[in-house]
Structures are given as C-alpha cells and as structure tokens.
Amino acid sequence: MSAVNTYDAVIVGGGHNGLVAAAYLAKMGARVVVLESRHKTGGAADTSTPFPDLPDVNVTTLSYVMSLMPPTIIQDLRLEHFGYKVVAMAGSYAPQPSGGGIRDEESEDGARFRDTVAAFSKKDADAYEDWSEWIGRSAGFLGPMLMETPPELGSMALGDLADQARFALRHRKGMSSRQAADITKLFTMSAADLLDQWFESTELKALLSTGGIIGTWAGPEEPGTAYVLMHHAVGDIGDGKLSEWGYPIGGMGAVPAAIRASAESFGAEIRVDAPVEHILVESGVVLGAVTASGEEFRAPLVITACHPKITFLDQIDRADLPPEFVRDIENWRTRSGTVKVNLALSHQPPFRDDADGADPTLAGSSIMICPSIRYLEKAFEEARDGSASTLPFSESCIPSYYDETLAPGDTQVVSMFTQWVPQEWSQEPHQDELEAYADRLVDMHEDFMPGFKDAVIGRQVIGPWQMENEFGLIGGNIFHGELTTDQLFHMRPAPGYADYRTPIQGLYQASSATHAGGGVTGLPGHHVVREIAKDRKHKKFSGNSRTTTQ
C-alpha cells in the first residue's frame, strides 16, 4: 500500500515561484510540502558545474540575470539573511562589425552612452533622454499592474463588476488620452516601428529592440514586441531604479537557494526527486497529489508552479476540467528558438575596442550582438523557415567579473543567451546542429574579442529539447508561454483564470504562465498566496494535517 501524507498545502514544482509560495504559506503557519521532480530545487534559475575537467567552474545554467523581484518579497522572506545578494551590471556594449560600438555605461550623467551614440547619430543622442523618460513613464504606469490580480473582464457577476470598477478607478489616475494612446502603441506595435518614431540610427534601434525579443518567438518587426520591450523595462533590484539588471552572487541558483532556506526556516518541507504523476481530484475538488513512486500527499490546498500544459493536460484528467479551459490550454502558445551557451575561458581576452584595457568595466557589461534591425529580423526569419540562424542574436555576459566564486584564478565564465533555432527543435535534441550553431557564436565573439576562441576550455550548449525535457520549459519557452497581447493580463493563461485560481476547487496556479510571470520575479508565488488568503478570509492553518480552524 502506498504511503499517504497529510498537509495543509502541497506545492507542485520547486522552481522559484513554488518556493516563494511555500515560504509565504509556511510563514502563515501552514504545514507545507514542495514536490520537485528534479534532484534539486530552483528550476531554470540554476547554478551547475557542467565541465567534468573543471570541477571548480560554476555556470548559470539557463536564467542568467536578475531583475523584477520586488523588495517586498526580499524583505518579507528575509532573503538577504539567507545569502541573497545581487550586484548591478555595469551597462551594455553593442560592438559593431565595422569597429566601435554603443557603450551604455551606468553613470549619473550618461555621457559615455551619449558619446558612443553620437558617433552614429547626434540626433539620436539628443533624443535618448526623451525616449528614456517616455518608456520609463509607460513602465511606471504598467508596472504596478504586475503587482495586482487582473479582474475578470467581461464577467457580469456583481463581485467581478466591482473588481473591474475598482481596477479602472485605481489606474485612471494620471491617465490622459495621450497616455492611453501610448499604452495602445506598446500593446500593438512592433519594437522596430515604435523605435522608428524616435530614432534614425539602425545601431541604436537594434540595441534597444533587443528588449522586445528576449525569449520571444518573434523578430523585432513583429507586432506586439513593443510590449515585451516595455516589460523588460520594469525592473528593480531593491533601490527603486527601473531597468536595472544584476547578477546574483553564487550564480542564479543562489536565488532559489535563498528562497528555499527561507521556506524551510518557516517549517516548509522540500522533497526532490519527487515528480508528481497525478493531481487528485474528486467531484471538482482537489484532494492532493501522487508522485511517480506512488506516494500520496493529501491536502485541501494544492498550488501548481509547473507549466500549464504539464499540469492541466498531463497531471489532471481532462474530464475533470471544463472543455473550453482544456482547449485554451491546448492552444497556449509556448514556442521558442532559444539556445543557451555556457563557456569557460582560460583567461579574459581583450576587447577590440579597448586593447589597452583602459575600460576595466567593459567585461562587466551585457554584450549585445545586434548590429541592425534587419540582422535580428533575418535571424528570426531563418529559424521560422526551419533553419538555425546563420548569424544569431546573442546577449552575452561574464558573471565571473563580479563573482569570483564562479571560477578560480584567471578562469572566466561566459553566459550566452542566444536566438534563434527552429521552434520544432523542442521535439528532438538536434545536438550536432546546436554545436555548429555554437561554433558560429564563438567565431562572432572572436571578431570583437581577439583570442576568444583559443581561450575556450569548456562549453555547454542547451537547446529547446533539453530545456523542455530537463527543466519542464515546454517548447523551450523561458516564460512558460509567449508574452503576446492575447496571452497577457486577464488572458494569462486562460480567460477567467488569470486570478491564480483554476476550475478545480482548492487548486491554484503560480507558474510563469500566470499574470506577472516571466523572469525570476517571485510575483506569481507571492500573488497566489494573497488570493488564497482572500478565499480563506478568517481561517487559520492548523499547522498539522489538513484540518483548519476558524
């Protein structure tokens, strides 16, 4: 007979959102268990040692940079006490094929950035301050919506109508006809068309457009990428600055490690190597979950932090779900052509544009291979037509510049987030083609970092198939679903269920496919517990078993 365990809450999936939810529930007094299928928690926010001959070299396996997690979560869960530390990146650097490049260095006056932009267009250098203010204002308007639960638009139920009215009233402040037009542009335009309204140089437009294509199955000329650009402008590493990105000390795996330690300090139980095979449902009510080993975990409350296609199409009998909801999840788009390449270098090669080493912070920049809008669009079009990009887009960083714990001595770690390969590659490994793709990326870096190729002493190439099969990122999509207009806010991941609830009573969802998801934010994990607290109202967790008391 299989073992049966009773809890107040079961969390399915030990990624960072599942751990955040577990920590908050345990802090409230709930007896919580997290069931994680892999041998460790963290999901795509992972630090690993992939090079057998270099056991002291650590890489940020998939997710590679931190932003968007609000100070509220960091403070509530005492994450800094448990080792959470993020260092702001030095800026960005976009080398150009003909020499030179745009250098966006963090400084109070932004003089370096304006000077490098002016080398391509003085007009654009002068216009950038107005652009920055405009995109910041738009992000500042939409950003607070990420902290809210979307109302159920279209519902005529009195409670839902009240929620809609309150939502509209909260966000009408400061909303002018001009602001409404600006928001409409962000949701409907391509990044390329939006940037055309502000700038003339293809070099600057290409650099700025990359915010609209990160993790997206779309090139910068595709409608809707303007919103993704804005989404990446909503960031905060604790000091209130928008668009500031940083590196966690200890690699990305240090972030979920801190959250896990917090959850365990409140009493949460974490189980690894515990893949959930089935979520128990009876008469529309959740009863718990069963792992592949046959062990049962009973609870009146279950939160799934897994990709919605895994939860609702594999772990739950479809007969227990409304047909419309099943169709919505079946049609949930989760394509991606992302490839992550992690390298170990014997030393830091010099930069072509800084041969004498006068700019030591250059190695701490996010290095963007994006010479033009057409370059980026062509890279996407090749993948859409079924071939890996001949000249891919890449955002590379050297986190060991900030974090000596990642690599010993002169050894450096390079993290390349790249796009695109065909989205069909999520169905087969295609490892030989991926290695050839990585060869091209190394050659491209050699162009502006002479000696780069010879310095490579370790290489890891992760494509969409591995992302799906090892990390549960269906299609290789890092957001658990594309950030398109029809998959945002009240539509994420299905109409009527953007409030973290599901058609099953007692079953909630908190994956990156829910509202505010995408990026290592912890927001879905935070928000789902807020909604659970609303549903429970004055009830308290017993702290042992599934019984609750008034």
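Q: What makes up the open sheet, and in which order?
A: 5 strands form the open sheet, in the order β10-β3-β2-β14-β20, with parallel pairing. Strands are DSSP runs of E with at least two residues, helices are runs of H or I with at least four, and both are numbered from the N terminus. This is a predicted model, where local features need pLDDT of at least 70, side-chain atom pairs count only at pLDDT 80 or more, and totals for chains, interfaces and linings use all residues. Residues are numbered from 1 along each chain as its sequence is written, and side-chain values use heavy atoms, without hydrogens and water.

Q: Why are β10 and β20 at the edges?
A: β10 (269-271) and β20 (507-509) each have a single partner strand, so one side of each lacks a neighbour in the sheet. On average, neighbouring strands here are turned by 20° against each other, direction ignored.

Q: What makes β14 and β20 a pair?
A: Pairing requires at least two bridges found by DSSP. Strand β14 (residues 302-304) and β20 share 3 bridges in the parallel sense, so they pair. I303 has Y508 of β20 as its bridge partner.

Q: Why is L194 called buried?
A: Buried means under 20% relative accessible area, exposed over 50%, partly exposed in between (1.4 Å probe, protein chains only). L194 has 1%, so it is buried. L194 sits in helix α7 (residues 191-196).

Q: Which residues does L194 contact, leaving aside neighbours within four places in sequence?
A: They are W131, W134, L186, M189 and A226. Contact means heavy atoms within 4.5 Å.

How values were computed:
Axes are lines fitted to C-alpha atoms, for helices over the stretch in contact, and angles run from 0 to 180 degrees between N-to-C directions.
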